[in-house]
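Subject: Structure handover

Hello,

Here is the structure I promised to pass on. Please keep it open while you read the notes below.

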Amino acid sequence: FAIGHLPALLGGFRQISLFQDPYVCMLRADHPHIQGKITMEQYLEASHIVVEPPGRGPGLLEQALSRVRSKLKVALTLPHFFAGPLILRNTNYLMSAPNFTRFALRDLQNIRTIPLPFRIKKLSVKLLWHERMHRDPGHQWMRGLILDLLPRSTSQLEN
């Protein structure tokens with residue numbers, strides 16, 4: 001099984017969509033320059049933590065920024081989203097991340113999220129498995145269990 005956003009997966013896999021997750025801007029709650037909404041100018045002037053998983057091409061954020069012909073000031077590059085908020089709470093950096101990141105780190109203090117100042121596609125989170133396991137009874141049972149336990153939308157994460 002794999003759960004996540006895997007757009008470049010080769011053939012031979014089955015998948016079920018779990019939810020579409022919007023990207024948000026994460027920052028420390030008491031950020032000195034951004035109190036409410038963020039403007040595109042503020043977003044581009046700030047230093048950013050950028051997530052670039054190994055072996056992947058441009059992600060949804062990079063694609064959206066290229067459409068508006070903008071680049072970020074990158075302060076730090078990380079291989080995954082979950083270390084970023086730990087760094088954000090003690091810096092003035094920004095990090096654009098899927099909304100579910102805040103739920104995975106629910107107890108993290110001094111972090112807030114705000115909408116991004118530009119359009120970006122939602123992240124498609126899926127459950128994937130190899131075709132050869134599709135009819136296996138144990139595998140079918142486990143897929144059912146995963147589907148019963150995981151939310152089918154980010155709104156279910158808030159409950």
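Is threonine 77 buried, exposed or partly exposed? Threonine 77 counts as partly exposed, at 41% relative accessibility. Here buried means under 20% relative accessible area, exposed means over 50%, and partly exposed lies in between (1.4 Å probe, protein chains only).

Two points on the source. This is a predicted model, so local features need pLDDT of at least 70 and side-chain atom pairs count only at pLDDT 80 or more, while totals for chains, interfaces and linings use all residues. Residues are numbered from 1 along each chain as its sequence is written, and side-chain values use heavy atoms, with hydrogens and water left out.

The five-stranded sheet

Threonine 77 sits in strand β5 (residues 73-78). Helices (H or I, at least four residues) and strands (E, at least two) are DSSP runs, numbered from the N terminus. β5 belongs to an open sheet of five strands. The order is β5-β4-β6-β3-β7, and the pairing is mixed. Two strands pair if DSSP finds at least two bridges between them. β5 and β7 stand at the edges with a single partner strand each, so one side of each has no neighbour in the sheet. From one strand to the next, the twist averages 35°. For such angles, axes are lines fitted to C-alpha atoms (for helices, over the stretch in contact), and values run from 0 to 180 degrees between N-to-C directions.

Back to threonine 77. Threonine 77 touches Val50 and Glu52, leaving aside residues up to four places away in sequence. Contact means heavy atoms within 4.5 Å.

Serine 47 is in strand β4 (residues 47-51). Serine 47 is partly exposed, at a relative accessible area of 29%. Its contacts are Lys73, Ala75, Asn92, Tyr93 and Leu94, again not counting residues up to four places away in sequence. Tyrosine 93 is 46 residues from serine 47 along the chain, yet their C-alpha atoms are separated by 5.1 Å.

Methionine 26 stands opposite threonine 113 in β7.

Look also at asparagine 110. Asparagine 110 lies in the loop between α4 (100-104) and β7 (111-114). It is not a glycine, but it has a positive phi of about 70°. Asparagine 110 is partly exposed, at 30% relative accessibility.

The three-stranded sheet

Three strands make an open sheet in the order β1-β8-β2, with antiparallel pairing. β1 and β2 (13-21) are the edge strands, each pairing on one side only. The twist here averages 15° from one strand to the next. β1 and β8 run antiparallel and are joined by three bridges. Glycine 4 stands opposite lysine 126 in β8. α5 packs on this sheet, touching β1, β2 and β8, and its direction makes about 160° with that of β8.

Helix α5

α5 (residues 137-149) has 13 residues. From first C-alpha to last, α5 reaches 18 Å, close to the 18 Å expected at 1.5 Å a residue. The expected span is 1.5 Å times one less than the number of residues.

Which residues of α5 are buried? They are His139, Arg143 and Ile146. Seen down the helix axis, the buried residues fall within an arc of 60°, so they line one face of α5. That arc is taken from the directions from the helix axis to the C-beta atoms. Their cover includes β1 (2-4) and β8 (123-130). On the other side of α5, Pro137, Trp141, Asp148 and Leu149 are exposed.

At the start of α5, a side-chain oxygen of aspartate 136 comes within 3.1 Å of the backbone nitrogen of glycine 138.

Histidine 134 is in the loop between β8 and α5. Histidine 134 counts as buried, at 15% relative accessibility. Its side chain joins that of arginine 14 in a polar contact of 2.9 Å. A polar contact is a pair of N or O atoms within 3.5 Å; within protein, one must be able to donate a hydrogen and the other to accept it, and residues adjacent in sequence count only if both atoms are side-chain atoms. Setting aside residues up to four places away in sequence, histidine 134 touches Arg14, Trp129, Gln140 and Arg143.

Best wishes
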